[in-house]
Amino acid sequence: MRTWHKIIFGDCRNMKEIDRPVHLMVTSPPYYNAPFDYPGLFNNYDEYLGLMRDLAKELRRVLAPGRIACFVTQDVRIKGKLYPVAADIVRIMMEEGFIYRDRIIWRKPEGYIRISRRSGVQIQHPYPMYFYPDNIFEEILILQNGKYRYPKINPSFKSSQINLREFNEKKWYLSVWDITNVLPFKGRLEEGIAAFPEEIPKRLIKLFTFVGETVLDPFLGSGTTMKVAKELGRNSYGYEIDLELKPIILEKIGYSPFPLSDDTIEIIEREDSKRLRTSLQKRVAKQRSVTKAKSRT
Ligand SMILES: C[S@@+](CC[C@H](N)C(=O)[O-])C[C@H]1O[C@@H](n2cnc3c(N)ncnc32)[C@H](O)[C@@H]1O
């Protein structure tokens with residue numbers, strides 16, 4: 001199946017390059033100002049919610065009627081305070097007119113916790129009020145752009161048929177999906193990017209689109225959604241604000257100036273793209289040196 005893919009480096013608040021209907025959005029937005037991944041990216045939580053509101057408006061415009069938007073996300077803890085990111089995204093999307101259709105819990109293996117083990121506090125203090133659980137899940141929020149008109153099934157849908165053996169064996173039918181997260185091995189292509197495992201877009205794309213349809217990821221990161229869409233014979237749009245990620249995305253989706261397949265890949269670098277990782281890293285390094293200097297005095 002010949003597919004096309006458009007990578008736009010720019011802010012997804014404005015997706016003016018989308019000129020064809022989108023049939024599914026799969027994304028994981030930045031985790032607000034998560035200390036590990038995005039310290040200081042937003043000035044405050046309201047600014048973060050503003051981004052989600054602008055995105056919801058754009059999604060309403062570009063998603064075909066009845067089609068699905070999936071957010072892979074979780075609440076974020078900063079300095080002990082939990083920000084209800086998942087609930088706020090659902091609320092914002094509903095205010096924009098989307099139907100809250102489902103919520104899948106993505107359960108990660110217990111053995112590896114990326115951020116912090118909080119439960120140790122209870123072991124140090126085996127008394128009430130010292131309970132801080134370790135987090136091993138994220139949410140996959142599934143929202144729908146109005147009512148879907150189910151088409152009459154005909155032989156041309158054969159290639160989009162769900163493999164019921166895979167569906168049953170891997171328990172896709174449950175509202176809890178056990179999937180191993182991307183482990184941050186040194187030298188890995190996604191090192192330093194909060195990438196999701198390919199299994200997540202793979203399931204969502206197969207469950208919510210037909211072969212030849214179009215998938216959007218407005219927070220493309222390392223390009224996982226685009227890679228999987230391409231492999232599954234779907235077209236894709238991807239927005240990413242951080243130009244620093246360009247070589248990583250191109251490698252992940254197998255871009256070549258002399259392509260072996262008929263798939264087309266178009267890259268647009270908009271004025272509003274940024275070299276975010278560099279400036280972020282600089283800011284973090286600066287913060288660290290200030291903290292160090294303070295601790296010396
Ligand atoms: C959690 S990561 C996405 C990871 C991706 N799912 C993957 O598997 O690699 C979120 C990405 O959103 C990008 N981003 C943040 N704000 C953005 C904006 N306004 N427009 C487009 N991209 C943005 C960040 O640079 C980051 O790469």
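Colleague: In E10, what stands opposite Leu216?

Modeller: Tyr237 of E10 stands opposite Leu216. Please bear in mind throughout that this is a predicted model. Strand E9, residues 214-217, runs parallel to E10 and is joined to it by four bridges.

Colleague: What makes E1 and E10 a pair of strands?

Modeller: Pairing requires at least two bridges between the strands. Strand E1, residues 4-9, and E10 have five bridges, in the parallel sense, so they qualify as a pair. One of the positions concerned is Ile8, whose bridge partner in E10 is Tyr239.

Colleague: Why is strand E10 described as largely enclosed by the rest of the structure?

Modeller: E10 comprises residues 235-240, and six of its six residues are buried, so the strand is largely enclosed by the rest of the structure. Asn235, Tyr237 and Tyr239 point one way, while Ser236, Gly238 and Glu240 point the other way, and all are buried. In a regular strand, side chains alternate between the two faces of the sheet.

Colleague: Which elements make a right-handed β-α-β unit?

Modeller: The unit is made by E9, helix H6 (residues 224-231) and E10. The term right-handed applies because, with the strands pointing away from the viewer, the path from the first strand over the helix to the second runs clockwise.

**Buried and exposed residues**

Colleague: Why is Lys6 called buried?

Modeller: The cut-off for a buried residue is 20 or more other C-beta atoms within 10 Å. Lys6 has 21 C-beta neighbours inside 10 Å, and therefore counts as buried. Lys6 is in strand E1. Leaving aside neighbours within four places in sequence, Lys6 is in contact with Glu17, Tyr237, Glu266 and Ile268. The C-alpha atoms of Lys6 and Gly238 are 6.3 Å apart in space, although the two residues are 232 residues apart in sequence.

Colleague: Is Lys79 buried or exposed, and how do you know?

Modeller: Lys79 has 5 C-beta neighbours inside 10 Å, so Lys79 counts as exposed. Lys79 lies in the loop between strand E4 (76-78) and strand E5 (81-83). Its phi is near 45°, a positive value in a residue other than glycine.

Colleague: How do you know whether Tyr32 is buried or exposed?

Modeller: Tyr32 has 24 other C-beta atoms within 10 Å, and the threshold for burial is 20, so Tyr32 is buried. Tyr32 is placed in the loop between strand E2 (22-27) and helix H1 (45-62). Phi of Tyr32 is near 40°, a positive value in a residue other than glycine.

Colleague: What makes helix H5 largely enclosed?

Modeller: Helix H5 spans residues 199-208, and eight of its ten residues are buried, so the helix is largely enclosed by the rest of the structure. The buried residues are Ile200, Pro201, Lys202, Arg203, Leu204, Ile205, Lys206 and Phe208. They pack against E2, strand E3 (63-73), strand E6 (99-107), strand E7 (137-144), E9 and H6.

Colleague: Which residues touch the most other members of the largest nonpolar core?

Modeller: Of the 56 residues in that core, they are Leu24, Met25, Ala69, Cys70, Ile140 and Ile205. Not counting residues up to four places away in sequence, Ile205 touches Leu24, Val26, Val215, Val228, Ala229, Leu232 and Arg234.

Colleague: How do E3 and E6 pair with E7?

Modeller: E3 and E7 run antiparallel and are joined by six bridges, with Gln144 of E7 as the bridge partner of Ile68. E6 and E7 also pair in the antiparallel sense, over eight bridges, and Arg103 has Leu141 of E7 as its bridge partner.

Terms used:
Residues numbered from 1 in each chain as written. Predicted model: local features only at pLDDT ≥ 70, side-chain atom pairs only at ≥ 80, totals over all residues. Buried ≥ 20, exposed ≤ 12 C-beta atoms within 10 Å, placed from the backbone. Helix = DSSP H or I, 4+ residues; strand = E, 2+ residues; numbered from the N terminus. Core = buried A, V, L, I, M, F, W, Y, C linked by C-beta atoms within 7 Å. Contact = placed C-beta atoms within 7 Å.
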